[in-house]
Amino acid sequence: MTTIDKIAWLRIEDGRLLGARSRGKDVYYLPGGKREPGETDLETLAREIGEELTVDIEPGTAVHVGTFEAQAHGRTGGTVVRMTCYTADYRGTPAPAGEIDELRWLIYADRDRVSPVNRLIFDHLHESGHLR
């Protein structure tokens, strides 16, 4: 089994979760990405969010929300995504950059428009009353 190690930013406002759609993809993902060798979770989070959304994460405000695992979207069986999720404050205005084509505020009704691991996260956030 192959595991893809990813770090994600959960930005929730008014019961909506910020999602990103990468160029050429048909589903929304949570902003974030893969860890570089030797990086901590928070270093990965700050680097990826800066690259994808042009904002600066404030690492001292980061709170671990949970770690979720599911079959990787668009991959053959045996490839799992492990998504470690954090909330954190930020400076700037989120805007698509790099491989990101679109940002969208998602609600629970958008659950079918996200990857399998994000569906688990949507369920968790909805059950805990954070996602409408």
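Reader: In which sense do E1 and E7 pair?
Author: This is a predicted model. E1 and E7 are joined over 8 bridges. The sense of the E1 and E7 pairing is parallel.

Reader: Which residue in E7 stands opposite Val63?
Author: Strand E6 covers residues 63-71. E6 and E7 pair in the antiparallel sense, over 8 bridges. Val63 stands opposite a residue of E7, Thr87.

Reader: How many of the 9 residues of E7 are buried?
Author: Buried means under 20% relative accessible area. E7 is largely enclosed by the rest of the structure, because its buried residues number 7 of 9.

Reader: How much space lies in the largest pocket?
Author: The lining of the largest pocket has 26 residues. Lys6, Ser22, Lys25, Tyr29 and Lys34 lie nearest its centre. The space in the largest pocket is about 480 Å³.

Reader: Which element gives the most to the lining of the largest pocket?
Author: Strand E1 (2-9), strand E3 (16-22), strand E4 (32-34), helix H1 (41-53) and strand E7 (79-87) each supply at least two residues. The most, 4 residues, come from E1.

Reader: How many residues in the lining of the largest pocket are charged?
Author: By class, the lining has 12 nonpolar residues and 7 polar ones. The charged residues in the lining number 7.

Reader: What is the geometry of the aromatic pair?
Author: The whole structure holds 1 aromatic pair. The ring centres of Trp9 and Tyr90 are 5.3 Å apart, and their planes stand at 80°. Planes over 60 degrees apart count as edge-to-face. The pair of Trp9 and Tyr90 is therefore edge-to-face.

Reader: How many residues apart are Trp9 and Tyr90?
Author: Trp9 is in strand E1, and Tyr90 is in strand E8 (residues 90-91). The pair links distant parts of the chain. Their separation is 81 residues.

Reader: Which strands stand at the edges of the open sheet of 3 strands?
Author: The sheet has the order E2-E3-E9, with antiparallel pairing. Each edge strand has a single partner strand, so one side of each is left without a neighbour in the sheet. The edge strands are E2 (12-13) and E9 (100-106).

Reader: What is the bridge partner of Glu13 in E3?
Author: E2 and E3 run antiparallel, joined by 2 bridges. The partner of Glu13 in E3 is Arg16.

Definitions and conventions:
Residues numbered from 1 in each chain as written. Predicted model: local features only at pLDDT ≥ 70, side-chain atom pairs only at ≥ 80, totals over all residues. Heavy atoms only, no water. 1 Å grid on protein atoms, 1.4 Å probe; cavity = no way out; pocket = protein on both sides within 12 Å on 5 of 7 lines; lining within 4 Å. Points joined across faces, edges and corners; volume = space filled by probe spheres on them. Nonpolar A, V, L, I, M, F, W, Y, C, P; charged D, E, K, R; others polar. Buried < 20%, exposed > 50% of the residue type's maximum accessible area, 1.4 Å probe, protein only. Pairing = 2+ DSSP bridges. Phe/Tyr/Trp six-rings, centres within 6.5 Å; stacked < 30°, edge-to-face > 60°.
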